[in-house]
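Please look over the sequence and the coordinates before reading the notes on individual residues.

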Amino acid sequence: CGLAALPSEVLSSIFSFAVHGFPSNKPLGFSVPLISMRLSHVCRHFRDLVLANPHLWTQISTTPRNPEVGLVEACIQRSKGRPLDIHLNLYASEVKYLAPIEPALVALRRLFPEGYPMKRQNLECDSVLSLLIPHLQRWRGLHLNYMEAEGFVGSTEIFEPLEGALF
């Protein structure tokens, strides 16, 4: 392709801009590593440049409700120990349940014989979090995109490996 005639340093700078662009606080609506993957599929020269530059694989982001496990694994491997910027989706849902009522609260038991109606917020993160936990020391940033997940019944169990971690 015509761009392949550019010096490798120039192409690498263009690729870096394509992948990292301008910093933004807005949640990502797409998978950043997918850009690196697509660039690596243009031609052999592009592939060699993209695979040789670990900086192009340091941003890990996932598509909501459909994380690309293979792509996240590729980023972890191809970033070669560099610090990672991770963008994950955090799914939240309200779960309604009936809480048991203490026997001493007779009046309340008459109103709610089955139990007192309660709501609880359940949280779950993209399934790829378990792939990233072993690389916790490499995390430069963790960005969570909060999403409502109606009808979702999740748990916070996935966060237990992070207990006691310093951010």
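The sections below describe a predicted model, beginning with a helix and then turning to an arginine and a proline.

## Helix H1

Helix H1 covers residues 8-20, and because its 13 residues should span 18 Å at 1.5 Å a residue, the distance of 18 Å between its end C-alpha atoms agrees with that expectation. Just after H1, Gly21 adopts a positive phi of about 50°.

Which residues of H1 are buried? They are Leu11, Ser12, Phe15, Ser16, Val19 and His20. Viewed down the axis of H1, the buried residues fall within an arc of 145°, so they line one face of the helix.

## Arg138

Arg138 sits in the loop that runs between helix H6 (129-132) and strand E4 (139-148). Although Arg138 is buried, it has no salt bridge, and the nearest side chain of opposite charge, that of Asp85, is 11 Å away.

The side chain of Arg138 does, however, reach the backbone oxygen of Ile76 at 3.5 Å. Leaving aside residues up to four places away in sequence, Arg138 touches Ile76, Ser79, Lys80, Gly81, Arg82, Pro83 and Leu84.

## Pro117

Pro117 belongs to strand E3, which comprises residues 116-125, and is partly exposed, with a relative accessible area of 43%. Between Pro117 and Lys96 there is a separation of 21 residues in sequence, while their C-alpha atoms are 7.0 Å apart in space.

Methods. Residues are numbered from 1 along each chain as its sequence is written. This is a predicted model: local features need pLDDT of at least 70, side-chain atom pairs count only at pLDDT 80 or more; totals for chains, interfaces and linings use all residues. Side-chain values use heavy atoms; hydrogens and water are left out. Helices (H or I, at least four residues) and strands (E, at least two) are DSSP runs, numbered from the N terminus. Buried means under 20% relative accessible area, exposed over 50%, partly exposed in between (1.4 Å probe, protein chains only). Lys and Arg count as positive and Asp and Glu as negative; His and the chain ends are not counted. A salt bridge is a side-chain nitrogen of Lys or Arg within 4 Å of a carboxyl oxygen of Asp or Glu. A polar contact is a pair of N or O atoms within 3.5 Å; within protein, one must be able to donate a hydrogen and the other to accept it, and residues adjacent in sequence count only if both atoms are side-chain atoms. Contact means heavy atoms within 4.5 Å. The expected span of a helix is 1.5 Å times one less than its number of residues. The arc is that of the directions from the helix axis to the C-beta atoms.
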